[in-house]
Amino acid sequence: EDAMASKRVRLGREDWRALIARQAKSGLSVAAFCAHERLGAASFYQWRSRLSGEAKRSDIEPREAFLDLGTVRDSGRFELRIDLGGGLVLQLVRG
């Protein structure tokens with residue numbers, strides 16, 4: 001086999017978008033589709049997750065950048081949990 005033919009090609013964001021769309025329409029499982037396309041299933045899942053996260057974030061309307069919690073009095077335990085999206089959670093606990 002020619003050395004150039006076995007060289008891996010790095011796919012870009014739009015290439016992955018197209019592949020993910022083709023897999024969804026193909027009726028094949030991810031494993032079968034990736035085998036047919038000579039793709040790593042782990043890479044496919046990673047890109048599908050990444051692009052799905054981008055789509056979800058772009059659908060969210062921008063909100064106020066400042067969140068006023070008012071005065072937090074020293075009245076025992078305080079807990080604040082904010083889901084930032086993309087698997088990130090900010091958690092503040094006092095108590």
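Modeller: Let's begin with a definition: a salt bridge is a side-chain nitrogen of Lys or Arg within 4 Å of a carboxyl oxygen of Asp or Glu. Please keep in mind that this is a predicted model.

Biologist: Thanks! By this rule, how many salt bridges does the count come to?

Modeller: The count comes to two salt bridges. One of them joins the side chains of Glu14 and Arg17, at 3.2 Å from N to O.

Biologist: Where do Glu14 and Arg17 lie?

Modeller: Both are in helix 1, which covers residues 13-26. Glu14 and Arg17 are three residues apart, about one turn of the helix.

Biologist: And is Glu14 buried or exposed?

Modeller: The cut-off for exposed is over 50% relative accessible area. Glu14 has 54%, so it is exposed. Arg17 has 35% and is therefore partly exposed.

Biologist: Which side chains meet in the salt bridge of 2.5 Å?

Modeller: Those of Glu37 and Arg22, with the 2.5 Å taken from N to O. Glu37 lies in helix 2 (residues 30-37) and Arg22 in helix 1, so this pair ties together parts that are 15 residues apart in sequence. Glu37 is partly exposed at 25% relative accessibility, and Arg22 is partly exposed at 43%.

Biologist: Let's turn to the backbone. Which residue has a positive phi although it is not a glycine?

Modeller: That is Arg38, with a phi of about 60 degrees. Look for Arg38 in the loop between helix 2 and helix 3 (41-59). With a relative accessible area of 76%, Arg38 is exposed.

Biologist: Now the strands, please. In what sense do strand 1 and strand 2 pair?

Modeller: Strand 1 and strand 2 pair in the antiparallel sense, over seven bridges. To see one case, find Leu80, whose bridge partner in strand 2 is Leu92. The two strands form a hairpin with two residues between them, where Gly86 takes a positive phi near 65 degrees.

Biologist: How should I think about side chains along a strand?

Modeller: As a general idea, the side chains in a regular strand alternate between the two faces of the sheet. For a case to look at here, take Ile82, which is found in strand 1. Ile82 has 26% relative accessibility and so counts as partly exposed. The C-alpha atoms of Ile82 and Leu92 are separated by 8.7 Å, and these residues are 10 apart along the chain.

Biologist: Which residues make the nonpolar surface patch?

Modeller: Leu84, Leu88, Leu90 and Leu92 make this patch, with an area of about 370 Å². Strand 2 (residues 88-94) gives the most to the patch, with three residues. Leu84 is found in strand 1 (residues 78-85). Its relative accessible area is 54%, so Leu84 is exposed.

Biologist: One last stop. Where does Gly76 lie?

Modeller: Gly76 lies in the loop between helix 3 and strand 1, and at 41% relative accessibility it counts as partly exposed.

Biologist: Leaving aside its neighbours within four places in sequence, which residues is Gly76 in contact with?

Modeller: Gly76 is in contact with Arg94 and Gly95. Gly76 and Arg94 are 18 residues apart in sequence, and their C-alpha atoms are 7.8 Å apart in space.

Note on methods:
Residues are numbered from 1 along each chain as its sequence is written. This is a predicted model: local features need pLDDT of at least 70, side-chain atom pairs count only at pLDDT 80 or more; totals for chains, interfaces and linings use all residues. Side-chain values use heavy atoms; hydrogens and water are left out. Helices (H or I, at least four residues) and strands (E, at least two) are DSSP runs, numbered from the N terminus. Buried means under 20% relative accessible area, exposed over 50%, partly exposed in between (1.4 Å probe, protein chains only). Patches are made of residues with over 30% relative accessible area and no salt bridge: like charges are joined within 9 Å, nonpolar side chains (Val, Leu, Ile, Met, Phe, Trp, Tyr) within 5 Å. Accessible areas come from the Shrake-Rupley method with a 1.4 Å probe; for residues, only the protein chains shown count as cover. Two strands pair if DSSP finds at least two bridges between them. Contact means heavy atoms within 4.5 Å.
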